[in-house]
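Please look through the sequence and the structure shown here before reading the notes that follow. They are meant for a reader who is meeting this chain for the first time.

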Amino acid sequence: MSNDGDNATALAQAVDGFVAHLGQERRLSSHTSQAYRRDLDTFLAFCKRRGLHDWDGIDHGHIREYAAAEHRGGLGARTIQRRLSALRTLFEYLRREKLATRNPAQGVSAPKAPKRLPVALDADQMARLLEFRASDALSARDKALMELFYSSGLRLAELVGLDLTDLDLADATVRITGKGGKTRIVPVGRAAIAALKAWLQERATIARPGQAALFLARGGGRIGTRAVQLRVAAWARRRGIETHLHPHMFRHSFASHLLESSQNLRGVQELLGHSNIGTTQIYTHLDFQHLAKVYDAAHPRAKRQT
């Protein structure tokens, strides 16, 4: 019994040495080091329950069993993946210190995380959000940028990166530089065009000389991503939208509403600038949810008996 206790202590001491190495040699913050410590303590507890007291006595099967036990205990896939990553890093340290001869955590993966469906506003919520009259330069800017978000499905970084020369009001299009420097030209809707024209009149009163950005901050320079996030959330509260609204939800709403109407997945892919159609297909799940609700509400055989 005492030998098992000594071996268990040796495992814990090795983890102590690893955590110290993270802070002293790899210069990780104490917060990060302690996060490693908490994750590895769960593995030490697993080893104690399984009677594992030697690093080289731990194999792939034990690591998989540990991951499965964590999953059964209710942990999400991302948390388990983080713990497995901590174990892989630990075993590499143990190999360098000659405390282990192999890394059994290599090649062990966490259960796949379920895909999170993007949250979108419905058409009525979007209409309520956008139907306000601009009363000054900043509200004109906010209305224009939100209308353009929803009209054209932009990412936040794409919107704040727009220059005046990217917008063609006569052609009702906007040129977008997306991920990887790829450009695409997408249409701009009638309501967005009207809001943009109103903003451009106000923009001239606050723009710094030579400023190329389409959307400006109060001081006349290019607006930042954080400012857009705050303004969008503020307008949602002001307009009585209970959902926590963030800029990417305009893109989700654009895609799901367009797909509901057109059923043209490839066209939506091109408008969003997705290189892989599989990324766009997640919006078909949103569309199916919408159709399922319609079915449940309308089909005689779907209605619940009262």
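Helix α4 has 20 residues, which should span 28 Å at 1.5 Å a residue, and since its end C-alpha atoms lie 29 Å apart, the helix agrees with that expectation. The coordinates come from a predicted model, in which the chain has 13 helices and three strands. Of the 306 residues in the chain, 40% are buried.

**Helix α4 and what follows it**

- Helix α4 covers residues 77-96, and the buried residues in α4 are A77, I80, R83, L84, A86, L87, R88, L90, F91, Y93 and L94.
- Just after α4, the residue K98 takes a positive phi of about 65 degrees.
- N103 is found in the loop between α4 and α5, the latter being residues 123-130.
- N103 counts as buried because its relative accessibility is 7%, which is under the 20% limit used for that class.
- When neighbours within four places in sequence are left aside, N103 is in contact with H60, L87, R88, F91, E92 and R95; among these partners, L87, R88 and F91 also belong to the buried residues of α4.

**Helix α2 and residue Y36**

- Helix α2, made of residues 30-50, has 21 residues and reaches 30 Å from its first C-alpha to its last, close to the 30 Å expected at 1.5 Å a residue.
- The buried residues in α2 are S33, Y36, R37, D39, L40, F43, L44, F46 and C47, and just after this helix G51 takes a positive phi of about 70 degrees.
- Y36 has a relative accessible area of 17% and is therefore buried, the limit for that class being under 20%.
- Not counting residues up to four places away in sequence, Y36 touches F18, L22, L28, A86 and T89.
- The C-alpha atom of Y36 is separated by 9.5 Å from that of V15, a residue 21 positions apart from Y36 along the chain.

**How α2 meets α4**

- The axes of α2 and α4 come within 9 Å and cross at roughly 90 degrees, so α2 is roughly perpendicular to α4.
- On the side of α2, the residues in this contact are Y36, D39, L40, T42 and F43, and they meet R82, R83, A86, L87, T89 and L90 in α4.
- Sorted by class, the contact of α2 with α4 has six nonpolar, two polar and three charged residues.

**The three-stranded sheet**

- The strands form an open sheet in the order β1-β2-β3, with antiparallel pairing; β1 and β3 are the edge strands, each of them pairing on one side only.
- Strand β1, residues 167-168, is joined by two bridges to strand β2, residues 173-177, and the two run antiparallel; D168 has T173 in β2 as its bridge partner.
- Four residues lie between β1 and β2 in the hairpin that they form, and A172 in the turn has a positive phi of about 55 degrees.
- Five bridges pair β2 with strand β3, residues 183-187, in the antiparallel sense, and among the facing residues I176 stands opposite R184 in β3, while R175 has I185 in β3 as its bridge partner.
- The hairpin of β2 and β3 has five residues between the strands, and there G180 takes a positive phi near 70 degrees.
- In a regular strand the side chains alternate between the two faces of the sheet.
- In β3, R184 and V186 make up the covered face, whereas T183, I185 and P187 make up the uncovered one.

**The chain as a whole**

- Among the contacts in the chain with a separation of 6 or more, 57% are accounted for by residues 24 or more positions apart.

Key:
Residues are numbered from 1 along each chain as its sequence is written. This is a predicted model: local features need pLDDT of at least 70, side-chain atom pairs count only at pLDDT 80 or more; totals for chains, interfaces and linings use all residues. Side-chain values use heavy atoms; hydrogens and water are left out. Two strands pair if DSSP finds at least two bridges between them. Buried means under 20% relative accessible area, exposed over 50%, partly exposed in between (1.4 Å probe, protein chains only). Contact means heavy atoms within 4.5 Å. Axes are lines fitted to C-alpha atoms, for helices over the stretch in contact, and angles run from 0 to 180 degrees between N-to-C directions. Angles under 35 degrees count as roughly parallel, over 145 as roughly antiparallel, 65 to 115 as roughly perpendicular and the rest as oblique. Ala, Val, Leu, Ile, Met, Phe, Trp, Tyr, Cys and Pro count as nonpolar, Asp, Glu, Lys and Arg as charged, and the others, Gly among them, as polar. The expected span of a helix is 1.5 Å times one less than its number of residues.
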